[in-house]
Amino acid sequence: MAKKFNELLARLPESRQEAIRREADGLLQEMALAELRKARDMSQTQLAEKLGIKQPSVADMEKRTDMYVSTLRALIEGMGGQLDIIARFQDTDIRIRNFSEI
């Protein structure tokens, strides 16, 4: 009989449980656009309707490795989010405001 993940996790030492939680949190903080859309429980068709474009255009955008910030912003806002551009340095993080508003 299959066991629930939470039951298996509970049997591990607390230090191992915490390490697993940190790893899982890290993975949730980093995802491709298609994964993000799916995590937001949205289909390509639903996002396309919100953006006023066709579904194949959403599929093409999700595959891009390079796009305009305005295109990325539209995708994120279509999913109900807000895009922030952050420059990360050793001693500080700086939000770049040039891209905050068009």
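Q: Why is R21 called partly exposed?
A: Its relative accessible area is 35%, and partly exposed is the band between buried (under 20%) and exposed (over 50%), taken with a 1.4 Å probe on protein chains only. So R21, at 35%, counts as partly exposed.

A quick note on the ground rules: this is a predicted model, where local features need pLDDT of at least 70, side-chain atom pairs count only at pLDDT 80 or more, and totals for chains, interfaces and linings use all residues. Residues are numbered from 1 along each chain as its sequence is written, and side-chain values use heavy atoms, leaving out hydrogens and water.

Q: What makes R21 and E14 a salt bridge?
A: The closest N and O atoms are 3.6 Å apart. A salt bridge asks for a side-chain nitrogen of Lys or Arg within 4 Å of a carboxyl oxygen of Asp or Glu, so this pair qualifies.

Q: Why does E14 count as exposed?
A: E14 has 52% relative accessibility, so it falls on the exposed side of the cut-off.

Q: What makes E18 and R21 a salt bridge?
A: Their N to O distance is 3.7 Å, so that pair passes too.
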